[in-house]
Amino acid sequence: MTAADTHCPYCALQCAMTLTATPDGRLPVEVSGRDFPTNRGGLCKKGWTSAELLARGDRLTAPLMKQPDGSFAEASWDEVLDRIADSVLTLREKHGPDAIGVFGGGGLTNEKAYQLGKFARIALRTRLIDYNGRFCMSSAAAAANRAFGLDRGLPFPLADLDTADTVLVLGSNMGDTMPPFVQHLQGARAQGGLIVVDPRRSTTARLADDGAGMHVQPVPGTDLALLLGIAHVVIAEELYDRDYVDERTVGFAAVRRSVASWWPARTESVTGVPAETIRALAQRLAGSSSAYILTGRGVEQHVDGTDTATAAINLALLLGLVGRPGSGYGTLTGQGNGQGGREHGQKSDQLPGYRKITDPAGRAHVARVWGVDPADIPSAGVPAVQLLARCGIDGGVRMLMVHGANVVVSAPDVSQVRAALGRLDLLVVSDFFLSETAQLADIVLPVLQWAEEEGTMTNLEGRVIRRRRAATPPPGARSELWIMRELAARLGAPGTWSLDPSEVFDELARASAGGLADYSGLSHALLDSGAEAHWPYPAGSSGTPHLFRDRFAHDDGRARLVAVRSRRQETPRGSELSLITGRLLTHYQSGTQTRRVAELNDPTPRIVAQLHPVTARDRGIAAGSRIRLRNVRGVVDAEVAVTEDIRPDTVFLPFHYAGAESANLLTSAKTDPHSSMPEFKNAVVTVEAIAGA
Ligand code: SF4
């Protein structure tokens, strides 16, 4: 047997595990949790069963090409790569380089994310690259950049939470999405200080039962108003940290004005949260010696997501939490490499090192590393929703390359996305299973899985970690690094295209030097030595576990308090309900992987909606029957679970299912103006019983 210390393929907690394999490396036979600061040996069901993905019989092992009758036929690598390269050259000649788009993923290693950004810009020469992290936490990132001048999900190590006496969790259900995280909430629970804001009584909300804290259940889409109301109390009752606000922030006067009218009674009328609860929340946070405010997708995936995250940051700044030892604000990254995925150039407006693509000095630095002229780096592209919407339209994208994303399940308003992909001249999808998006492709490229090659990821604390090869890949599958090198050669692209992840990391580190996310002091060898590696990690440093202790990243060192306004979004009328979506314990994201693992899929093989008993009774809906959810965008039929865990004005759907069971048939592609985050978490639907079902 051989063993490799690595990390889970799924979420951003990146729990440490050891994979033990047969000597030929063909079959990992055992997964065991490994002691690590985030998971302390714990794994959730997804982690325990992850090795099954490596042994699946439906693994893609050869390139596939779509036939005229719609079926796939296996093809050689030369055949598919030649066709892709020919298409790029032809489309570029005919329509210009922006006829080609690239859609990346937050599950790609740092090395692949970096290489993909470079590949798009100097091999394809397109400005049109973005990734599914845009759907993940882009609004919180925009808010953090605005307030602090820097975005790192948690600007402190997760273990700091252990000693908190108060943790306010807004719109995250880590009890299901990343269960080992819960051990870091025990201190707050013991002090009665876990406060969970969620329209649904989720697994995490239940952790606040029995004196462990409080569950606050606002009307969906009113989180921003709730935060303004809490800030109102903090200022009106002079609970804020005056010295901190004076010395470390700017913008207090505007924020004070912006919350002045959000007295508790008004906030209650909008959010449904009792005025007394709002006061108690403010007092609890202000009276704590160690308090944290954490946000998740529930409050961020809205058209006012950046402003909502900003309101959470404002509250944290008013209370003097950010940068104070034992306190803080952070956002909880969802995807495995959601953090690293946005630092190295997959985002439409950024270059490696988390540099703005518009920054001349940054462009010059990256161009030197890439061996091109700065003018050869295209300008900013468009964010993910707009990139997908451009597919197949006149003057738009004619060819799309998708890496590590299943957009016909995970994007908003997926029937439009499916139609857009259908209009393309060429859709190329790289994946290790035939995902729903891959099924639509003209060419499918079989790639390696997480435990089949070396690499690095950056977890939710900004900690750079090593993924190690533990299993031998099937002979026909290839690394994306190899695919990019082969295509770069066929396209006559400049630059170097190493196949060695360690060399690619070294180049990434050089490209990041001097940027916000500076990795220049890091290497695979250093990470292998066990070094703790929180970025920024400039050469000669030992990393930065804690950000903002002394100064923020703005030139004057101060954080920005930013006045924001609450604007109610789409609201139900008459018998309509608010639809909220989220994750289940046994599934991950679009379900491409977890729906293939029997132990994960069998408990929840089909979509089940949650509906309040009063709502069900009023509509003549029985528990276990089938219901139809409908709005202007689409229709979803689901079995119904009747539960008091949900508000009477709300219905919940998990978003892991495909085809006619995709919750994103109903979600809106409207986006937040600051971050281009879509409105995943608040749609309006009608709900009715399906006769005879
Ligand atoms: Fe994997 Fe996340 Fe579960 Fe940890 S919590 S085992 S990283 S899915």
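Student: Is Tyr354 buried or exposed, and what decides the matter?

Tutor: The general idea is to count C-beta atoms around the residue; 20 or more others within 10 Å make it buried, and 12 or fewer make it exposed. In this predicted model, Tyr354 has 24 C-beta neighbours inside 10 Å and therefore counts as buried. Its backbone also deserves attention: phi of Tyr354 is near 60°, a positive value in a residue other than glycine. Tyr354 sits in the loop that joins strand E14 (350-351) to strand E15 (355-356).

Student: Where is Asp210 found, and what is its phi?

Tutor: Asp210 belongs to the loop between helix H7 (203-206) and strand E10 (213-216). Phi of Asp210 is near 55°, a positive value, and the residue is not a glycine. Asp210 is exposed, because 9 other C-beta atoms lie within 10 Å.

Student: How confident is the predictor in the model?

Tutor: The average pLDDT of the protein is 95, and 99% of the residues score at least 70. For the complex, the predictor gives an ipTM of 1.00 and a pTM of 0.96.

Student: How does one read the sides of a helix?

Tutor: The general idea is that an α-helix has 3.6 residues a turn, so residues three or four places apart point the same way. Take helix H2 (residues 77-95), whose buried residues are Val80, Leu81, Ile84, Val88 and Leu91. Seen down the axis of H2, these fall within an arc of 105°, so they line one face of the helix. Asp78, Asp86, Glu93 and Lys94 are exposed on the other side of H2.

Student: What span should H2 have, and how far apart are its ends?

Tutor: At 1.5 Å a residue, the 19 residues of H2 should span 27 Å; the C-alpha atoms at its ends are 26 Å apart, which agrees. Just after H2, Gly96 takes a positive phi of about 95°.

Student: Which residues of helix H19 are buried, and which are exposed on the face turned away from them?

Tutor: In H19 (residues 414-422), Val414, Val417, Ala420 and Leu421 are buried. They cover an arc of only 115° around the axis, which puts them on the same side of H19. The face turned away from that buried side carries Ala419 and Gly422, which are exposed.

Student: Which peptide bond is cis, and where does its proline lie?

Tutor: Omega is the angle to inspect: the bond from Trp535 to Pro536 is cis, with omega near -5°. Pro536 lies in the loop between helix H23 (524-528) and strand E21 (559-560).

Student: Which residues come nearest to the ligand, and why does the ligand lie between two domains?

Tutor: Of the 14 residues around the ligand, Cys8, Cys11, Cys15, Cys44 and Gly47 come nearest.

Student: How far apart are Val685 and Arg83 in sequence and in space?

Tutor: Val685 and Arg83 are 602 residues apart in sequence, and their C-alpha atoms are 44 Å apart in space. Val685 is found in strand E29 (residues 683-689). With 23 other C-beta atoms within 10 Å, Val685 is buried.

Definitions and conventions. Residues numbered from 1 in each chain as written. Predicted model: local features only at pLDDT ≥ 70, side-chain atom pairs only at ≥ 80, totals over all residues. Near = placed C-beta within 6 Å. Helix = DSSP H or I, 4+ residues; strand = E, 2+ residues; numbered from the N terminus. Expected span 1.5 Å × (residues − 1). Arc of directions from axis to C-beta. pLDDT = per-residue confidence, 0-100.
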